[in-house]
Amino acid sequence: MQVKYIGDPTLSLVCVPYGGLAPCPGSVPALHPVLAGIEANVSLLLQQNKLSPSCVSPLEWMLSLLLEIIQDENSSPSLIHLGFKFLYRVSKVRGPKYFLRLFPHEVSDVQPVLDMLSLQDPKDHETWETRYMLLLWLSTTCLIPFDLARLDGTLLQQTTQQKCLSWTEFSPLIVVEDSLLVIRPDVKQKRLADFLDWNLSTFAQASYQTMEGTIIMDGMLQSLAQLFKHGKRDDMLPYAPTVLKCLDNSNLSESNQTILRKLGVKLMQRLGLTFLKPKIAKWRQSQFIAKVSCITVFLLVFYFFFLFTQTEQLLVGLKDKDTIVRWSAAKGIGRVTSRLPKELADEVVGSVLDCFSFQETDNAWHGGCLALAELGRRGLLLPSRLPDVVPVILKALIYDEKRGACSVGSNVRDAACYVCWAFARAYEPSALKPFVNQIASALLIAAVFDRNVNCRRAASVSFNVERGTFPHGIEIVTAADYFAVGIRTNCFLTISVYVASFAEYTKPMIDHLVDKKINHWDGAIRELATRSLHNLTPLAPEYMAHTVIPKLLPLTVGMDLHTRHGSILACAEITHALYRLAAAQDRSVGAYLSDEALEGLRNIHYKGVGWRHLLTDCSSFLFSVCLLIEKLSSSQIPFKEDAIIREWQRLIDDSLKNLHLCSAAAKPKIKDAAVSALAALCNEFYKRVDGTAIALVSRYVSELENPEEMTRCGYALGLGALPHFMLHGRLVQVLEGLRKAASIRAKDARFAEARRDALIAIARVCESAGVSPQGPADSVVCAGNVPLIYGTLLEGVCDYTVDSRGDVGAWVRQAALTSLMKVTVLLVQNCPELITPDISSRMFCCLAQQSAEKIDCFRAHAGHVFLTLLHFEQPVVPHIPYREELLKIFPRTDIETLNWNAPSQAFPRITQLLSLPIYQCPTLLGLTVSVGGLTESTVRHSGQSLFSYLETIKQDRRALTEFCSTLLRIFRDHQRNDRVSIPLLKMLDQMLANGCFEVFTAEDNHSFSVDLLGLCKEEIKKSKDIQKLRSSISVFCGLVQFQGDIRKKVLFQLLLLLCHPFPVIRTTTASQLYETLLMYDDVIEPEVIDEVMTILSDTNWGGVRTSRHRYCDL
């Protein structure tokens, strides 16, 4: 096993595997520089082990080594402090409680610790770790069983109370240490009363409204709590009334400091335990009974006298706003009640139950649940109280109160699960038998349908405790265990169906969804609840049809918005589930739904809120009504020839036309719902031969010219949803309208989303119309309209529109690629001969270009389409150029293994296409944008792949000439197109710098350099783009390496740039030209080179042009 050393291994510490430390030999004085040198490394190492403190083990040798440093007389104060700093670091990792046990605590250790304490300067903030560790050490040594008076009678007075007044940063630690000290048998007789007087007086004088007062009160309360916890009852009982009175007068419940309120509650329970004898009540549950003596009448009166104040304070603590205070109060109630007689304990239980009122806040409910759990866990909640407690807990399990945009109550439900867990461990199964079904149903509902994952898991654990008692508990636990309930969608849609398959839980789960979830404040929960009702319908179809539907129909027209939305969705989902169940039995949905139910479903649209109000106020209702139309149409509800159909169509049209009025988040949801509703409505009710379908198609095509972008989106997708019989005879009209909507025109170039949806609709229209090679072009996809379809899709692949949102054209390109794949697969499967060689070539060239571009997610999508079509074999896509070579570059295994999102994997493959002539231009065009891009990883890997390819053809003059011709053609085709030209200039700079065209440099005035210079000059002509100008400077400097007159022309161009109006351009030109002349020493004559270099380096190029004229003469 390898050992890692830190510092000098002969003197220092070595770090062993898993973060442990091991000693090395060395003298103590020599350790000082070593320890100082490794302090940062060891601190970091220990910090990394904070989550696994056992790795820093064993500690004995470490402690002994550091204590040897501390106790050595030759150790300097800085070395002693450094040793304490190491001790502090280790104690923070392992914990003070574990660390205290390792401190030496012999009698001989007391005096040195006190001496070191007395030497500490409380104003020295650099040595606070030393004081902290000395106090911890003192808290251990003060527990030795010897009379401290034998050591020094004045030590205690000098080292405790005085330090409390001066070391305010450690006051909680000091007073706790004092409390442990004064309860010693040899100290309490002399110091206990004085210490309590000092403690209470200091506490009374402090104020929790100041930070200093808060720290003092914190320390005093911790000290008193420790005193009454560790001190003997007989010793502390005489002082308890005084402490109680002081605590009452402090009004800690009004403090805004959580820790003070918590300590006040803790001290109150300690006082209560002091007043009450430590006798366990024999009236507890049978498994908790212990033999105790009888309680006298006098003690009953005595208990009652103090019970009123203490119980009242603890009950107030149950309603505190902070959880730690409520938790402390609940534990205090459990401890105090365990020492009370049965009658008084029952009154405490009744007071706790008063917390469960709907006039109380969620804090009171949470505190009450914690108190009931503590009482039940300790066996203090008798079975006679269960009829009162169980209904309260069942309400707590579903407690949820809306507060603004969110809700409160998850902590209440979690605590209620804890109560059920405590009951399962406290009561015999016979005691819980009357309530088993209620508790089991409530826990399963919480485990499956709760919104909060912690509550679902808590309910699952609580159910698991009593799995043998609850009906079908063992079977259910295997499906609804702690990990299975972690995913909410899985709970609502899968686990709920399994649990509801047991008859005991079917109706309770359905009732809970109807009563509590379809009106939930969270829209996602409402939708999941309705989908869950759809899945549960086959388990109780009669109950759904005759009980749930009549219950939901009035709610669809109620006043509560959430209830109306959820009930409409629920009616739609249940009706569709009943239809599917009836269809499986060769019956109609009317076999389940009565005429009154059908009429109620029909009237939802009329009695609901108007569509204009829905669009402007609450888009969720429009979604719910559209879903209702879709589900009722799919369920073959007998509404044919009914006026409601026209109203439904009008609502769908209005929703598509007014999408721009909806919120940005609701637009996609409503658009998809309306399109799905349109498809279902047309399939069910428009099959008759009349003018309805013709008018609808014409209206939708005309709306593709609407000036609102979202209206175009809606109607484009609406056309894509039309069934085959509505497209018959109107296919060319639809395709032509979608082609115009998908084209980039100056007046609507910003409508990228409309173009995207139009391209998506084209693929859907083709799938709906079907394919027939000899069919009419106006009805099916055939040779007459295939060029139109592919031309539109391939035009969409070249959409690079950019606006304030960024590259919005990427949405269009992605949709075009997806539609290309769908249409191609459709044609290949039905009529492959419709795909001509020209179409196949253009399509795969576009795919190659998109697969080489810079945006990872879109490159991945293009790569997926490319490989899908390349390896499609049912049958093979015809006329793929160089298909055999492509299969070698991209074998079938790449479909699953090649990660196109990773530039390191994608670019080495895609650059191999440069060797295939037909793919060279589109691939190089895509690589240009990637190599000259901004993303570091994309630029690096794409550049490395490109240069690796160029290295293979560097000596092949013909191949390199073809590559250069392609490069120049791309430059010409995209002249003044900044999307391509700027990255192209950056890529050319890298190519020239890497010597990719070295074979041409020896030839005078090579055509490549001449053409490139002309293109660069034309590109920057009258340009004010700083990025483009700086990139061109780099290219001009790279062209200096070419021989002939081209060099003079390049230098002349650089001279012009030295006189550019922009100072940054002049400065950049001078700097890069200076570097170029250093690299190519044959450019300037030797006799003037020194003066040229001096002018370039010393001139302030942000100033006048005099130096430029002198340089030109040279």
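A cavity is a set of points on a 1 Å grid over the protein atoms alone where a 1.4 Å probe fits but cannot get out. The model examined here is predicted.

**Exercise 1.** Determine how many cavities of 30 Å³ or more there are, and describe the lining of the second largest cavity.

*Solution.* Step 1: under this rule, 8 cavities reach 30 Å³ or more. Step 2: the second largest cavity holds about 70 Å³ of space. Step 3: its lining includes Cys420, Phe423, Leu443, Ser462 and Glu466. Step 4: helix 20 (410–426) and helix 22 (436–449) are the elements that contribute two or more residues to this lining. Step 5: by class, the lining residues comprise 8 nonpolar, 1 polar and 1 charged.

**Exercise 2.** Classify the ring pair of Tyr949 and Phe963, and state which parts the pair ties together.

*Solution.* Step 1: the structure contains 23 aromatic pairs. Step 2: the ring centres of Tyr949 and Phe963 are 6.3 Å apart and the planes stand at 50°, so this pair is tilted. Step 3: because Tyr949 belongs to helix 48 (residues 936–952) and Phe963 to helix 49 (residues 957–973), the pair ties together parts that are 14 residues apart in sequence. Step 4: both Tyr949 and Phe963 are buried.

**Exercise 3.** Which residues do ring pairs link into a cluster, and over which rings do the charged ends of Arg457 and Lys669 sit?

*Solution.* Step 1: Phe356, Phe358, Trp365 and Tyr399 are joined into a cluster by ring pairs. Step 2: Arg457 places its charged end over the ring of Tyr482, 4.8 Å from the ring centre. Step 3: the charged end of Lys669 sits over the ring of Phe623, 4.7 Å from the centre of that ring.

Definitions and conventions. Residues are numbered from 1 along each chain as its sequence is written. This is a predicted model: local features need pLDDT of at least 70, side-chain atom pairs count only at pLDDT 80 or more; totals for chains, interfaces and linings use all residues. Side-chain values use heavy atoms; hydrogens and water are left out. Rings of Phe, Tyr and Trp (its six-membered ring) pair if their centres lie within 6.5 Å; planes under 30 degrees apart count as stacked, over 60 as edge-to-face and the rest as tilted. Helices (H or I, at least four residues) and strands (E, at least two) are DSSP runs, numbered from the N terminus. Buried means under 20% relative accessible area, exposed over 50%, partly exposed in between (1.4 Å probe, protein chains only). A charge sits over a ring if NZ of Lys or CZ of Arg is within 6 Å of the ring centre and within 35 degrees of the ring normal. On a 1 Å grid over the protein atoms alone, a cavity is a set of points where a 1.4 Å probe fits but cannot get out, and a pocket is an open set with protein on both sides within 12 Å along at least five of seven lines; lining residues have an atom within 4 Å of a point. Grid points are joined across faces, edges and corners, and a volume is the space filled by probe spheres set on the points. Ala, Val, Leu, Ile, Met, Phe, Trp, Tyr, Cys and Pro count as nonpolar, Asp, Glu, Lys and Arg as charged, and the others, Gly among them, as polar.
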